[in-house]
Amino acid sequence: MSDVIPPPPDARTRILDAAERVCQAKGVPALTLEAAAKEAKVSKGGLLYHFASKEALLIGLLSRLADSIALDFERVLATLPAGPARYTRAVLAWTFDHPEAVCQQHERASGVFLAAFHQDPSLMDPIRKVVARIRDQLREDALPPGHALAVMAACDGLFMATLFGLYEQTLEERQALRTALETLITEIRT
């Protein structure tokens with residue numbers, strides 16, 4: 001087995017990575033085209049070739065993040081056997097069993113969500129589409145009305161609490177929450 005070194009990321013990817021870092025490290029106001037270009041080590045002209053405006057840069061960030069979220073959810077879903085409440089079980093597993101993916105999303109999402117929402121709330125539309133698709137899948141689970149959505153809302157609440165550093169849970173609290181949510185997916189409509 002040889003040690004193959006992957007090629008360096010292309011300029012577009014470097015710019016998006018740099019813009020994420022700027023948002024995370026310095027906050028929303030610090031995200032400018034100049035700051036992203038400097039962080040990516042590309043000229044402003046090079047940045048403008050890929051992203052003609054700050055809005056275009058934010059659209060690129062949100063689209064990439066939406067694709068990543070959708071892919072992470074599909075990966076978790078693929079690990080679960082078919083059966084009752086599969087999509088709702090995937091939401092639980094995604095939140096509680098795959099912390100590395102969720103932590104990476106928190107880190108990537110925090111600054112990007114704030115920057116996009118600050119610039120123009122409609123920039124969040126790619127994320128909204130992913131969430132809407134997951135909600136649509138939950139309807140296929142044949143759970144009593146509100147059960148799947150309660151699970152998703154609780155998991156989204158944990159995501160947002162972590163995203164914005166609102167509070168931390170102990171392991172005991174986290175397990176108690178999961179157990180409570182699991183009771184919502186044990187009752188299947190017939």
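**Salt bridges and a surface patch, term by term**

Colleague: Why is K44 called partly exposed?

Modeller: K44 has a relative accessibility of 36%, and the term covers what falls between buried (under 20% relative accessible area) and exposed (over 50%), with a 1.4 Å probe and protein chains only, so K44 counts as partly exposed. This is a predicted model, in which local features need pLDDT of at least 70 and side-chain atom pairs count only at pLDDT 80 or more, while totals for chains, interfaces and linings use all residues. Residues are numbered from 1 along each chain as its sequence is written, and side-chain values use heavy atoms, with hydrogens and water left out.

Colleague: What makes the contact of K44 with E34 a salt bridge?

Modeller: The closest N and O atoms of K44 and E34 are 2.6 Å apart, and a salt bridge asks for a side-chain nitrogen of Lys or Arg within 4 Å of a carboxyl oxygen of Asp or Glu, so the pair qualifies. K44 belongs to helix α3 (residues 44-50) and E34 to helix α2, and the pair links distant parts of the chain, 10 residues apart. Helices are DSSP runs of H or I with at least four residues, strands are runs of E with at least two, and both are numbered from the N terminus. E34, with a relative accessible area of 45%, is partly exposed.

Colleague: How do you know that R21 and E39 form a salt bridge?

Modeller: Their closest N and O atoms are 2.8 Å apart, which is within the cut-off. R21 lies in helix α1 (residues 11-26) and E39 in helix α2 (residues 33-40), so this pair ties together parts that are 18 residues apart in sequence.

Colleague: How many salt bridges does a search of the whole structure find?

Modeller: The search finds 9, and D17, E20 and R64 are linked in a network of such bridges.

Colleague: What makes L114, M160, F164, L166 and Y167 a nonpolar patch?

Modeller: Patches are made of residues with over 30% relative accessible area and no salt bridge, where nonpolar side chains (Val, Leu, Ile, Met, Phe, Trp, Tyr) are joined within 5 Å and like charges within 9 Å. Y167 has a relative accessible area of 44% and lies in the loop between α8 (147-163) and α9 (171-184). Together the five residues have about 490 Å² of accessible area, computed by the Shrake-Rupley method with a 1.4 Å probe, where only the protein chains shown count as cover for residues.
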